[in-house]
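Open the model in your viewer and keep the selection panel at hand. The tour goes stop by stop, each with something to select.

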Amino acid sequence: MPVLASVPTIAPHAPAHWRGAAPAFAPADLAGACAQVRHTAVVVRDDRDGRLGVGIDGTLVAAGDSNCWPVLGLLPPLYPEWLGDRTFSETHGTRFPYVAGAMANGIATTRLVTEMARAGCLGFFGAAGLSLARVEAAVDELARELDPRGMPWGVNLIHSPGEPAVEDAVADLLIRRGVRCVEASAFMGLTPAIVRYAASGLTVDGSGTIQRRHRVLAKISREEVAKHFMAPMPVAILDELVARNALTRAEADLAARVPLAEDITCEADSGGHTDNRPLAVLLPTILTLRDRIVAGQRYARPIRVGAAGGLGTPGALASAFALGAAYVQTGSVNQACVESGLGAGARAMLAQASMADVIMAPAADMFEMGVDVQVLRRGTLFAIRARKLYEIYRAYPSLEAVPAAERAKIEKEMLRASFEEAWASTRAFWSSRDPSQVTRAESDPKHRMALVFRSYLGLSSRWAIDGVTERLTDYQIWCGPAMGAFNTWVAGSFLEAPARRTAVQVALNLLEGAAVLTRAQQLRTFGLPIPSSAFDFRPRPLA
Ligand code: FMN
């Protein structure tokens with residue numbers, strides 16, 4: 001926690017005047033004053049011409065000599081640590097109200113999570129799409145590294161409608177290994193897996209307060225989904241879990257009195273799965289919903305609402321906090337950092353992206369349902385090719401029914417194998433992962449087609465992670481418009497070069513910049529002529 005610099009005091013009833021180093025009146029000097037966020041800013045007036053200016057620190061004095069300035073207002077120091085809801089940091093053990101969101105297939109690496117923890121932020125390991133053994137190894141590593149130092153970390157628990165057994169197994173692992181914090185995502189309703197994780201370990205302390213062993217940050221982009229996480233946990237699921245000895249009766253009874261999640265992350269237009277909503281629309285809507293539910297349920301503790309999606313500049317963070325976000329979460333910008341699990345070639349592609357270089361494309365995990373993900377468009381043909389596959393999937397009942405010309409194109413350009421060869425390798429993959437998929441595909445030709453096409457979608461992510469250069473034009477790289485905004489912001493600074501982008505420097509600069517912009521806006525509202533340069537925080541190495 002920052003140490004509060006002393007705020008000048010003044011004797012009661014004394015007229016407020018300020019004495020100190022020459023106050024800033026000229027726009028360029030005012031920009032410098034805005035940047036000194038950790039100091040007290042005193043708004044003063046020049047009585048000779050009525051101009052408003054800003055003095056930094058100094059002392060408040062009774063009116064006296066000509067070196068004193070009448071005071072109009074006083075702003076105490078402003079710290080990046082305090083931009084959000086203080087209870088977020090208290091609850092999760094962070095210094096900053098800042099989260100690095102999970103990124104599937106281990107793109108949010110253990111290194112990323114560890115670096116974020118050391119810097120006082122909360123990071124989530126990208127467990128989605130990984131084998132249980134890899135998730136387990138990551139959990140062990142993070143626990144070993146961070147638990148002895150009391151540092152915060154978490155793991156993603158993603159809803160897997162096509163593979164409920166996988167979701168259950170990951171939840172089970174997280175409970176067994178004592179993982180205290182989870183980012184829950186892609187849920188449309190609640191499942192036994194997430195309810196079990198949230199409810200297990202609930203106890204009542206000596207003062208009668210319900211204490212949680214497991215904390216859930218639920219990522220949502222719709223009201224109807226948010227409602228599930230803000231409501232008390234559903235009795236039907238709790239009873240079912242008690243019946244199969246997955247929860248105690250005492251845990252279930254407590255769970256029926258508290259929300260599943262005390263942190264709700266509103267995800268606006270982001271990389272990967274997204275409803276493409278603007279944050280300025282989504283966040284106020286969810287805050288209102290939260291207020292209604294918390295009042296209706298008479299919860300003892302408030303539910304915090306955080307912001308994600310589109311946050312790649314200091315201004316984006318400042319606006320999220322100004323809207324009332326308890327914390328902020330980034331994703332796309334971290335993927336381009338050196339701690340990310342993405343291959344160097346793909347990271348270099350991300351560093352070239354501009355705001356409009358993103359596009360929606362079919363998702364590998366929810367292909368048949370027509371769900372899209374937001375991906376990078378510049379430098380890769382993945383989106384166009386994946387869209388073509390989805391079109392063909394919709395139009396024909398089986399691989400055999402695909403017209404010869406289309407088939408030749410798919411085999412040559414995408415699969416680089418015949419349909420028969422592609423099915424053979426796909427079949428081998430599913431035989432070890434989930435044999436029921438093979439059984440179904442052998443009697444359902446449309447499902448066989450989906451699995452073959454999905455294999456291209458799945459591999460295209462792997463090629464980007466592994467840096468398979470001969471598949472460069474097939475790279476599937478999840479990415480939101482925040483990436484382009486970030487690239488524009490850092491152009492010409494030390495963060496421009498991909499090799500110098502660390503997730504910690506990105507986080508510290510975004511937070512510092514958000515504090516500076518917040519101060520600039522505060523001073524502007526007092527009528528000071530704050531120049532636009534005050535809102536242009538340039539990245540710099542920060543400790
Ligand atoms: N969110 C999840 O909950 N689970 C995931 O597996 C996951 N994978 C992601 C992979 C990539 C490459 C990216 C860019 C995002 C992913 N996300 C995932 C979303 C992020 O956790 C984060 O919420 C989001 O990226 C924030 O929006 P932004 O991309 O605009 O910064």
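A nonpolar core, as used here, is a set of buried Ala, Val, Leu, Ile, Met, Phe, Trp, Tyr and Cys residues joined through side-chain atoms within 4.5 Å. Buried means under 20% relative accessible area. Keep in mind that this is a predicted model.

**Stop 1: the whole chain**

Show the protein chain as a cartoon. It has 20 helices and 18 strands. Along the principal axes, the C-alpha trace spans about 95 × 55 × 40 Å.

The accessible surface of the protein chain comes to about 22200 Å². Carbon and sulfur atoms own 55% of that surface. Of the 543 residues, 54% count as buried. Among contacts with a separation of 6 or more, 70% are between residues 24 or more positions apart.

**Stop 2: the domains**

Color by domain: domain 1 is 17-77, domain 2 is 82-342 and domain 3 is 354-474. Now hide domain 1 and look at the other pair. The centres of domain 2 and domain 3, over C-alpha atoms, are 30 Å apart. At the contact, 17 residues of domain 2 meet 15 residues of domain 3. The area buried between domain 2 and domain 3 is about 1200 Å², with 51% from carbon and sulfur atoms.

Which residues of domain 2 lose the most area to domain 3? Select N105, E163 and H273. Together these residues account for 36% of what the domain 2 side buries.

**Stop 3: the largest nonpolar core**

Select Y98, F229, M233, L260, I286 and F453 and show their side chains. In the largest nonpolar core, which has 152 residues, these six touch the most other members. Next, color helix 20 (residues 503-525). Helix 20 gives the largest share of this core, 11 residues. Domain 2 and domain 3 both contribute residues to the core, so the core lies between them.

In soluble globular proteins, nonpolar side chains tend to be buried together.

Zoom in on Y98. Leaving out residues up to four places away in sequence, Y98 touches F88, M116, C121, L122, L317, V328, T330, N334, V506, A507, L510 and L511.

A second, separate core has 15 residues, including A24, L30, A31 and L52.

**Stop 4: helix 19**

Select residues 482-490, which form helix 19. Is helix 19 mostly covered or mostly open? Mostly covered: 7 of its 9 residues are buried. The buried residues are A482, M483, G484, F486, N487, W489 and V490. To see what lies over them, show helix 11 (314-323), helix 12 (332-335), helix 13 (344-352) and helix 20, which are among the covering elements. Then step just past the end of helix 19 to G492, where phi is positive, about 85°.

**Stop 5: around domain 1**

T40 sits in the loop between helix 1 (27-35) and strand 2 (41-45). With 0% relative accessibility, T40 counts as buried. T40 and I56 are 16 residues apart in sequence, yet their C-alpha atoms are 5.8 Å apart in space.

Move on to D57. This residue is in the loop between strand 3 (52-56) and strand 4 (59-61). Phi of D57 is near 55°, a positive value in a residue other than glycine. D57 is partly exposed, at a relative accessible area of 25%.

Now pick G73, in strand 5 (residues 69-75). Is G73 buried or exposed? G73 has a relative accessible area of 17% and is buried. Apart from neighbours within four places in sequence, G73 is in contact with A41, V42 and V43. Draw a distance from G73 to T87: the two are 14 residues apart along the chain, and 28 Å separate their C-alpha atoms.

**Stop 6: R298**

Finish at R298, in the loop between helix 10 (279-297) and strand 15 (304-308). R298 has a positive phi of about 55° although it is not a glycine. How accessible is R298? At 74% relative accessibility, R298 counts as exposed.

Notes. Residues are numbered from 1 along each chain as its sequence is written. This is a predicted model: local features need pLDDT of at least 70, side-chain atom pairs count only at pLDDT 80 or more; totals for chains, interfaces and linings use all residues. Side-chain values use heavy atoms; hydrogens and water are left out. Buried means under 20% relative accessible area, exposed over 50%, partly exposed in between (1.4 Å probe, protein chains only). Helices (H or I, at least four residues) and strands (E, at least two) are DSSP runs, numbered from the N terminus. Domain bounds come from an automatic or database domain assignment. Contact means heavy atoms within 4.5 Å. Accessible areas come from the Shrake-Rupley method with a 1.4 Å probe; for residues, only the protein chains shown count as cover. Buried area is the accessible area (1.4 Å probe) that two parts lose on being put together, summed over both.
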